[in-house]
Amino acid sequence: MTSRYRSSEGVNSLTPRRRTVVKAAAAAAALAGPLAAALPARAADEAPAFLHGVASGDPLPDGVLLWTRVTPTAEAIPGSGLGPDTEVGWTVAKDKALTNIVAKGSLTATAASDHTVKADIRGLEPATDYWFRFSAGGTDSPVARTRTAPAADAAVPGLRFGVVSCANWEAGYFASYRHLAARGDLDAWLHLGDYIYEYGTGEYGTRGTVVRQTSPTHEILTLADYRTRHGKYKTDPDLQALHHKAPVVAIWDDHEFANDAWSGGAENHTEGAEGTWAARQAAARQAYFEWMPVRPALAGTTYRRLRFGKLADLSLLDLRSFRSQQASTASGSVDDPDRTITGRAQLDWLKAGLKASDTAWRLVGNSVMISPFAVGSLSADLFKPLAKLLGLPEEGIALNTDQWDGYTDDRRELLAHLRTNAIRNTVFLTGDIHMAWANDVPVDAGTYPLSASAATEFVVTSVTSDNLDDIVKVPEGTVSAVAAPVIRAANRHVHWVDTDRHGYGVLDITADRAQMDYYVVSDRTNPNATSSWTRSYRTRTGTQKVERTYDPV
């Protein structure tokens with residue numbers, strides 16, 4: 001495998017008020033089936049099995065976090081609370097055959113952690129490929145590759161990351177993951193949120209057709225529900241394949257909890273009828289940290305920072321745990337300085353980290369778009385589906401208050417900090433919006449481009465979740481051809497937007513530039529969908545602006 005580092009330092013009670021992107025025509029049909037039916041049949045006396053693959057994440061110069069879930073007995077399915085304590089061994093080696101072993105150990109998988117285990121391995125060499133495997137009761141897991149980060153002071157010529165977000169199981173297959181796994185050249189991959197969705201069968205956008213049924217079939221509310229949903233996702237072969245090829249660096253967005261989540265509730269949560277928000281949030285957090293190879297940061301959140309030599313550091317945000325409730329679009333409260341998307345402590349942490357950074361690039365893993373966005377003069381037939389996608393009133397003001405646009409004081413403070421301290425080469429990497437964008441991040445969007453750009457932003461589209469053409473139910477590309485020019489005319493800092501297609505990004509970084517190559521998949525409903533490059537944009541060092549480039553790296 002080619003090294004990318006060349007380091008010099010070796011209850012289903014939806015109410016009518018709730019927003020869903022699409023109500024599937026078949027939502028009232030009886031669609032049932034437990035997770036057990038989705039898993040391979042096993043006899044009760046079989047040995048333990050690794051039915052959910054293995055994974056690694058959060059690479060450090062001297063270590064990486066390893067993850068798996070063992071199914072010790074046939075009845076011990078995710079969320080069941082059943083199954084005996086099971087010893088799970090792990091092995092780390094420098095070769096795929098696992099002959100050059102560098103570390104070994106064991107952990108106990110219990111029902112208390114849904115039979116998931118995580119091993120935080122240390123003592124490894126920086127910028128190095130490793131292979132690992134878990135074992136239990138005479139059964140071995142698949143062997144997977146991972147990679148450590150470069151040494152903190154290492155001169156790193158290049159980094160390459162896959163970038164994804166928004167994977168709705170019922171809307172299609174995860175071909176984007178498969179194509180990223182096939183590359184073989186990723187140092188890591190970033191998941192920018194909505195790794196799972198909380199809705200019940202047929203309750204979220206699928207262009208009117210449930211391509212494949214989720215589990216449980218009802219909206220997830222309890223710890224058992226969230227565990228079952230995570231387990232369902234981890235049976236996907238394309239997702240398993242990507243986890244087997246490179247470490248993931250993940251943050252959560254709202255659907256790991258409930259739609260439009262904030263610190264005290266969510267649009268898709270009815271207090272009382274669905275229990276308390278505090279209990280639901282705690283269940284979602286617990287299941288997430290059990291099922292994801294992510295180190296919990298401060299107070300069990302996902303904000304943290306990773307460093308990749310002298311080339312880049314990556315600040316990862318949690319924009320759900322501390323935010324104020326989304327503002328009413330009928331009010332002017334989006335500018336209220338007492339409202340926050342980050343919380344005071346996280347914003348101060350981010351500002352301090354950006355100022356102190358001594359790397360060539362400052363990357364920010366950001367779950368919702370920071371660039372300002374005005375809809376402009378879209379016709380009613382386009383504005384209404386766009387409003388539905390963004391959760392806006394279908395009549396009235398064009399503003400997505402779930403994004404940074406709804407928390408302008410935090411954005412103003414952060415961008416002023418970048419300008420005042422001459423912090424260059426800050427790149428926001430964003431998901432959530434189910435569209436692909438390449439943006440400058442202006443200090444004052446109203447006067448741009450006469451005013452300055454403080455940073456740049458690359459937004460990746462959804463893996464499968466509905467975008468505009470899906471909502472309108474027209475051929476792919478039809479909406480974007482009309483909507484994109486209007487959006488760009490109203491937003492001069494937007495260099496490109498594709499409102500229609502599904503896919504992923506590949507971010508390639510050198511000292512001179514950070515480039516995002518945008519890829520699209522041919523058909524999300526086809527498990528064998530092909531992938532093709534569509535566009536590339538880069539920001540050159542010192543410019544704080546995006547420009548088109550005509551070849552992928």
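I began with the lining of the second largest cavity, whose residues divide into four nonpolar, five polar and three charged; here Ala, Val, Leu, Ile, Met, Phe, Trp, Tyr, Cys and Pro count as nonpolar, Asp, Glu, Lys and Arg as charged, and the others, Gly among them, as polar. This is a predicted model, in which local features need pLDDT of at least 70 and side-chain atom pairs count only at pLDDT 80 or more, while totals for chains, interfaces and linings use all residues. Residues are numbered from 1 along each chain as its sequence is written, and side-chain values use heavy atoms, with hydrogens and water left out.

I then listed the residues that line this cavity: Asn168, Glu170, Tyr197, Tyr199, Gly200, Gly202, Glu203, Tyr204, Thr206, Thr214, Arg229 and Tyr233. A cavity is a set of points, on a 1 Å grid over the protein atoms alone, where a 1.4 Å probe fits but cannot get out, and lining residues have an atom within 4 Å of a point. The space in the second largest cavity comes to about 70 Å³, where a volume is the space filled by probe spheres set on the points, and grid points are joined across faces, edges and corners.

**Whole chain.** For an overview I looked up the secondary structure, which comes to 10 helices and 24 strands; helices (H or I, at least four residues) and strands (E, at least two) are DSSP runs, numbered from the N terminus. Of the 553 residues in the protein, 62% are buried, a term that means under 20% relative accessible area, with exposed over 50% and partly exposed in between (1.4 Å probe, protein chains only).

**Helix 3.** I asked myself how many of the 11 residues of helix 3 are buried. The count is nine, so helix 3 is largely enclosed by the rest of the structure.

**Aromatic pairs.** The structure holds 21 aromatic pairs, a pair being two rings of Phe, Tyr or Trp (its six-membered ring) with centres within 6.5 Å, where planes under 30 degrees apart count as stacked, over 60 as edge-to-face and the rest as tilted. I looked up phenylalanine 161 and phenylalanine 308, whose ring centres are 5.2 Å apart with planes at 65°, so the pair is edge-to-face. This pair links distant parts of the chain, 147 residues apart, with phenylalanine 161 in strand 9 (residues 159-164) and phenylalanine 308 in strand 14 (residues 304-308). Both phenylalanine 161 and phenylalanine 308 are buried.

I turned next to phenylalanine 174 and tyrosine 233, whose ring centres lie 5.8 Å apart with planes at 35°, so the pair is tilted. Here too distant parts of the chain are linked, 59 residues apart: phenylalanine 174 is in the loop between strand 9 and helix 2 (175-183), and tyrosine 233 is in helix 3 (residues 223-233). Both phenylalanine 174 and tyrosine 233 are buried, and they belong to one aromatic cluster that also includes Trp169, Tyr177, Trp189 and Tyr195.

**Charges over rings.** Which ring does the charged end of arginine 212 sit over? I found the ring of phenylalanine 174, with the charged end 4.6 Å from its centre; the term requires NZ of Lys or CZ of Arg within 6 Å of the ring centre and within 35 degrees of the ring normal. The charged end of lysine 234 sits over the ring of tryptophan 67, 5.0 Å from its centre.

**Backbone.** As a reminder to myself, most residues other than glycine have a negative phi, and most peptide bonds are trans. I noted a cis peptide bond between serine 215 and proline 216, with omega about -5°, and proline 216 lies in the loop between strand 10 (188-191) and helix 3. Another cis peptide bond joins tyrosine 448 and proline 449, with omega about 15°, and proline 449 is in the loop between strand 18 (436-442) and strand 19 (453-459).

Leucine 98 has a positive phi, near 60°; it lies in the loop between strand 3 (86-93) and strand 4 (101-109) and, at 8% relative accessibility, counts as buried. For cysteine 166 phi is near 65°, also positive. Cysteine 166 is placed in the loop between strand 9 and helix 2, and is buried with a relative accessible area of 0%.

Notes. On a 1 Å grid over the protein atoms alone, a cavity is a set of points where a 1.4 Å probe fits but cannot get out, and a pocket is an open set with protein on both sides within 12 Å along at least five of seven lines; lining residues have an atom within 4 Å of a point.
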